[in-house]
Amino acid sequence: MFAIFKREFKSYFSSPIGYVVLAVLLFLFGFFFYQILLYRISDLIASSVYGSMFTMCMMVIPIITMKSLSEDKKNKTDQALITAPVGVTSIVFGKFLAAFCVYAIAMVLTLIPSFIISLFSELSWGPVIGNVVGTLLYGAAMISIGVFISSLTESQVIAAISTFGVSILMIVIGSAGSIVNNSVVTQIVNWISFNTRYQSFTTGIFNISSVVYFLSVVAIFVFLTARKIESRRWS
């Protein structure tokens, strides 16, 4: 698994993808931090900056995951992976972990401006850390879905667009529950909604059930991706 992770992680920075993702996210975060400092409202860092950037983070994930497996499938290098003396689940998890690390690096780097601001003014770290952890968990779940979608097609463009569509759906599905006048449907929608699970982190509350939920989504889609690749091994 480590060999797969190392290969995939390096590939993000041997092409423009890794640099573009980091540059775009850090530039946008920097812009919003600048606005916070400009208006001297450091107490609103978590709600303003991370709230504004949350959707942007989800939109970048399709760029990270689009090549995970579709590129190997298109170049026929997936045959070497399938026949390699390593478990299919290890292959998939290595690819997932590489994509997640690129995303996580960007999110961790966003803490630097918060740390600098805290040196000159009072800063509530609870919501800041909560937002970062929540965004990492939400991102991990979306990355696992993106890797699964990437395993279904040879086209990186189709993989990116499909993941983008799912990302949009998971963002808006939470509001669908309030539209339907049915308590059972509302409860089901709220239970599966990523946004509903994410909201508790924005206030600095670490909800264990939400952590387990996001990690379960990761496990499920890593498993499904592994089974998809396994089916090609036997075909």
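Me: What limits apply to the model, and how are residues numbered?

Reply: The model is predicted, so local features need pLDDT of at least 70 and side-chain atom pairs count only at pLDDT 80 or more, while totals for chains, interfaces and linings use all residues. Residues are numbered from 1 along each chain as its sequence is written, and side-chain values use heavy atoms, with hydrogens and water left out.

Me: How many helices and strands are in the protein chain?

Reply: Helices (H or I, at least four residues) and strands (E, at least two) are DSSP runs, numbered from the N terminus. The protein chain has 12 helices and 0 strands.

Me: What percentage of the residues is buried?

Reply: Buried means under 20% relative accessible area, exposed over 50%, and partly exposed in between, with a 1.4 Å probe and protein chains only. Of the 235 residues in the protein chain, 46% are buried.

Me: Which element gives the most to the nonpolar patch?

Reply: Such a patch joins nonpolar side chains (Val, Leu, Ile, Met, Phe, Trp, Tyr) within 5 Å, from residues with over 30% relative accessible area and no salt bridge (a side-chain nitrogen of Lys or Arg within 4 Å of a carboxyl oxygen of Asp or Glu). Here the patch includes Phe115, Trp125 and Ile129. Two or more residues come from each of α6 (88-109), α7 (111-120) and α8 (125-150); α7 gives the most, with 5 residues.

Me: Why does isoleucine 129 count as partly exposed?

Reply: Isoleucine 129, in helix α8, counts as partly exposed because its relative accessibility is 32%.

Note on methods
Patch = residues over 30% accessible without salt bridge, like charges linked within 9 Å, V, L, I, M, F, W, Y side chains within 5 Å. Areas by Shrake-Rupley, 256 points an atom, 1.4 Å probe, with all protein chains shown as cover.
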